[in-house]
Amino acid sequence: MFKICPDCDFEWHSKDGTQCPACRDRESNSEKEEFTQYKGGAFGTGKNHSHFKNWYKAIGIIALVLILYAFIIG
């Protein structure tokens, strides 16, 4: 027998238990998420997103200058 969670629509086998494994794991990880959700993030999605955006702009400008230099001189 398979069961379907009414909250998250996850399907699991009845041998795995009566409570939804996805919701159960989400509840146990909720304390961890409070501390980790703002620490990092790729492409400007973390806590210091403005700092990372400036770095991405700088890298982009340097790459553009190097590409133009390679086409003009090379």
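Student: What makes Cys23 count as buried or exposed?

Tutor: The model before us is predicted. Cys23 has a relative accessible area of 10%. Buried means under 20%, so Cys23 is called buried.

Student: Which term applies to Cys5, buried or exposed?

Tutor: The relative accessible area of Cys5 is 5%. This value is under the cut-off of 20%, and therefore Cys5 is buried. In the protein, buried residues make up 9% of the 74 residues.

Student: How many disulfides does a search of the whole structure find?

Tutor: The search finds 0 disulfides.

Student: Where is Asp9 found, and what makes it count as buried or exposed?

Tutor: Asp9 is found in the loop between strand S1 (2–4) and strand S2 (11–13). Its relative accessibility is 61%. Exposed means over 50%, so Asp9 counts as exposed. Asp9 also has a positive phi of about 65°, although it is not a glycine.

Student: What is the order of the elements from the N terminus on?

Tutor: The order is β-β-α-α, and the secondary structure comes to 2 helices and 2 strands.

Student: Where is Phe71 found, and what makes it count as buried or exposed?

Tutor: Phe71 is found in helix H2 (residues 49–73). Its relative accessible area is 68%. The cut-off for exposed is over 50%, and Phe71 is therefore exposed. Phe71 also belongs to a nonpolar patch on the surface, together with Leu64, Ile67, Leu68, Tyr69, Ile72 and Ile73. The accessible area of this patch is about 840 Å² together.

Student: In which helix is confidence lowest, and in which is it highest?

Tutor: Confidence is lowest in helix H1 (residues 21–36), at a mean pLDDT of 62, and highest in H2, at 89. The protein averages a pLDDT of 76, and 69% of the residues score at least 70. Where pLDDT is low, the predicted coordinates should not be read in detail.

Definitions and conventions: Residues are numbered from 1 along each chain as its sequence is written. This is a predicted model: local features need pLDDT of at least 70, side-chain atom pairs count only at pLDDT 80 or more; totals for chains, interfaces and linings use all residues. Side-chain values use heavy atoms; hydrogens and water are left out. Helices (H or I, at least four residues) and strands (E, at least two) are DSSP runs, numbered from the N terminus. Buried means under 20% relative accessible area, exposed over 50%, partly exposed in between (1.4 Å probe, protein chains only). A disulfide is a pair of cysteine sulfur atoms within 2.5 Å. Patches are made of residues with over 30% relative accessible area and no salt bridge: like charges are joined within 9 Å, nonpolar side chains (Val, Leu, Ile, Met, Phe, Trp, Tyr) within 5 Å. Accessible areas come from the Shrake-Rupley method with a 1.4 Å probe; for residues, only the protein chains shown count as cover. A salt bridge is a side-chain nitrogen of Lys or Arg within 4 Å of a carboxyl oxygen of Asp or Glu. pLDDT is the predictor's confidence in each residue, from 0 to 100.
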